Amino acid sequence: MAGPEQPGKRIDYTRPTGPPPAPGSPAVPPPGAAPGTPGAPADGPLSRCGVAYTTYAITVVVLVIAILVVVFVVKNDARVSIWLFGSMQRMSVAAALAASAAAGLVIGLLIGVIPQIRLRRELRQLRKAARGR
């Protein structure tokens, strides 16, 4: 199994993490067994692997907000004068809203990339250190 000190390796989640059970002891604790009793897990309930439900909930909320923004943009199609960096432009409210939403998306993505750059640099240094051993 790989540990955090080996960033290039993959962790095998199918292998048991603890010692094998003693002969004669039940492999699965009896229902309702309290932690600390024979046959019960010492660390509490087993942790799940996979995507958390909050990830799905956040994805649904983001999709609903995106749909609401699209509906709002489509419904507001009147033409108005808009100040655009020192000049007055006559355009539809829908175009202005869509442009501002796209600009916000790009800015948000750029801000999200900043931590990734630092993490990739640290990962590169760890890999170089691991190769040098």
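**Exercise 1. The order of the elements**

In what order do the elements of the chain run from the N terminus on?

Solution. The model is a predicted one, in which local features need pLDDT of at least 70 and side-chain atom pairs count only at pLDDT 80 or more, while totals for chains, interfaces and linings use all residues. Residues are numbered from 1 along each chain as its sequence is written, and side-chain values use heavy atoms, with hydrogens and water left out.

Step 1. Helices (H or I, at least four residues) and strands (E, at least two) are DSSP runs that are numbered from the N terminus.

Step 2. The chain contains two helices and two strands. Their order is α-β-β-α.

**Exercise 2. Surface and burial of the chain**

Determine what part of the chain is buried and what its accessible surface amounts to.

Solution. Step 1. A residue is buried under 20% relative accessible area, exposed over 50%, and partly exposed in between (1.4 Å probe, protein chains only). Of the 133 residues in the chain, 5% are buried.

Step 1. Accessible areas come from the Shrake-Rupley method with a 1.4 Å probe; for residues, only the protein chains shown count as cover. The accessible surface of the chain is about 11,600 Å², and carbon and sulfur atoms account for 67% of this surface.

Step 2. A contact means heavy atoms within 4.5 Å. Among contacts between residues at least 6 apart in sequence, 16% join residues at least 24 apart.

**Exercise 3. The salt bridge**

How many salt bridges does a search of the whole structure find?

Solution. Step 1. A salt bridge is a side-chain nitrogen of Lys or Arg within 4 Å of a carboxyl oxygen of Asp or Glu. The search finds one.

Step 1. The side chains of Arg 118 and Glu 122 form a salt bridge, with 3.3 Å from N to O. Side chains of opposite charge can pair when their charged atoms come close.

Step 2. Arg 118 and Glu 122 are separated by about one helical turn because they are four residues apart in helix 2.

Step 3. Arg 118 has a relative accessible area of 44% and is therefore partly exposed; Glu 122, with 38%, is also partly exposed.

**Exercise 4. Patches on the surface**

Identify one nonpolar patch and one charged patch.

Solution. Step 1. Patches are made of residues with over 30% relative accessible area and no salt bridge; like charges are joined within 9 Å, and nonpolar side chains (Val, Leu, Ile, Met, Phe, Trp, Tyr) within 5 Å.

Step 1. Trp 83, Leu 84, Phe 85 and Met 88 make a nonpolar surface patch of about 540 Å².

Step 2. Lys and Arg count as positive and Asp and Glu as negative, whereas His and the chain ends are not counted. The place of a charge is taken as NZ of Lys, CZ of Arg, CG of Asp or CD of Glu.

Step 3. A surface patch of positive charge is formed by Arg 120, Arg 121, Arg 124, Arg 127, Lys 128 and Arg 131. Arg 120 lies in helix 2 (residues 93–132), and its relative accessibility of 56% is why Arg 120 counts as exposed.
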